[in-house]
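User: I would like to learn how to read helix packing and chain contacts in a model. Please take the features in turn.

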Amino acid sequence: MGIVRLLADLVVLVGLGFLTLSLLGLVRFPDLWRKLHAAAIVHSLGLMLVLAGALGTGEGPLVGRAVLIIALLGLAGPLTTHLIAHATLHARRDREGDDDPPGDSAHPRRPAGTSSPGAGVASNPDGKEDDG
Amino acid sequence: MTLEALHRVLLQVAGLWALALVAGYLVVAIRARSGLERVLAVDVLGLTLAGFFAVVAFERKEVAYLDGTLALVLLSFAGTAAAARLARLRGRF
């Protein structure tokens, strides 16, 4: 049992290492798109590893709650990342005009005929509000 | 040093480390260059605080701290979702 506890402690420390890497990414990366990766992917992994340290305690209520929180993180992490990325995309379009986000050139968001800069910036270019 | 003592020391180190991370994320949130970047930083700040509470829960073997962790994760998600939605509707934050 003692060895299992120590292994769980090591998992917690590795998770904290990932959280530190995420902090480093938030400080060092130049733009929000890259910071989203550090904040979403690496941070979720680190926090899940920290919570996995509950297995070392060997107590049912602690393990159950930790598993519940890990599941919640798996749901909430991608959702918040998507929401922030979506809001950033809209804010950027409103501010700068009509350009695609970096890395999105493989999936153009509108037909080629309507891609003049500034056209349809104020209104939704898709002609519909998917805001729900 | 017995395994039990080593276990306690490791968890206390982890707690201090998590607290230092919370301070680091707080600095990142304060120094953010745009509103949405600050939203992101506050989101991960809340989640890191949840991780600190989790470490405290493991160290003290107290379930109530994990309940606080759960509430913090939920609040962080709701707050970030609301802020991002507001920023999207207003075009800025």
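User: How are two packed helices described?

Analyst: Two packed helices are described by the angle between their axes and the distance between the axes. In this predicted model, the axes of helix α1 (residues 2–28) of chain A and helix α2 (residues 32–52) of chain A come within 7 Å and cross at roughly 165°. Axes are lines fitted to C-alpha atoms, for helices over the stretch in contact, and angles run from 0 to 180 degrees between N-to-C directions. Helices are DSSP runs (H or I, at least four residues) numbered from the N terminus. That angle makes α1(A) roughly antiparallel to α2(A), a term for angles over 145 degrees.

User: What is the handedness of the crossing of α1(A) and α2(A)?

Analyst: α1(A) passes α2(A) in a left-handed crossing, meaning that the near helix is turned anticlockwise from the far one by less than a right angle.

User: Which residues of α1(A) and α2(A) meet?

Analyst: Contact means heavy atoms within 4.5 Å. Among the α1(A) residues in contact are Val11(A), Gly15(A), Phe18(A) and Ser22(A), and the α2(A) side includes Lys35(A), Val42(A), His43(A) and Leu49(A). By class, this contact of α1(A) with α2(A) has 16 nonpolar, five polar and one charged residues. Here Ala, Val, Leu, Ile, Met, Phe, Trp, Tyr, Cys and Pro count as nonpolar, Asp, Glu, Lys and Arg as charged, and the others, Gly among them, as polar.

User: How do the helices of chain B pack?

Analyst: α1(B) and α2(B) have axes 9 Å apart, at an angle of about 165°. That makes α1(B) roughly antiparallel to α2(B), and α1(B) passes α2(B) in a left-handed crossing. Their contact has 19 nonpolar, three polar and three charged residues. For helix α2 (residues 35–60) of chain B and helix α3 (residues 63–90) of chain B, the angle is about 175° and the axes are 8 Å apart. α2(B) and α3(B) are therefore roughly antiparallel to each other.

User: How much area do chain B and chain A bury between them?

Analyst: Buried area is the accessible area (1.4 Å probe) that two parts lose on being put together, summed over both. Chain B and chain A bury about 4,300 Å², 75% of it on carbon and sulfur atoms. The contact takes 45 residues from chain B and 52 residues from chain A.

User: How many salt bridges cross the interface of chain B and chain A?

Analyst: A salt bridge is a side-chain nitrogen of Lys or Arg within 4 Å of a carboxyl oxygen of Asp or Glu. The rule finds three across this interface. In one salt bridge, the side chains of Glu4(B) and Arg5(A) meet at 2.3 Å, N to O.

Conventions: Residues numbered from 1 in each chain as written. Chains lettered and ligands numbered in written order. Predicted model: local features only at pLDDT ≥ 70, side-chain atom pairs only at ≥ 80, totals over all residues. Heavy atoms only, no water. Helix = DSSP H or I, 4+ residues; strand = E, 2+ residues; numbered from the N terminus. Parallel < 35°, antiparallel > 145°, perpendicular 65-115°, else oblique.
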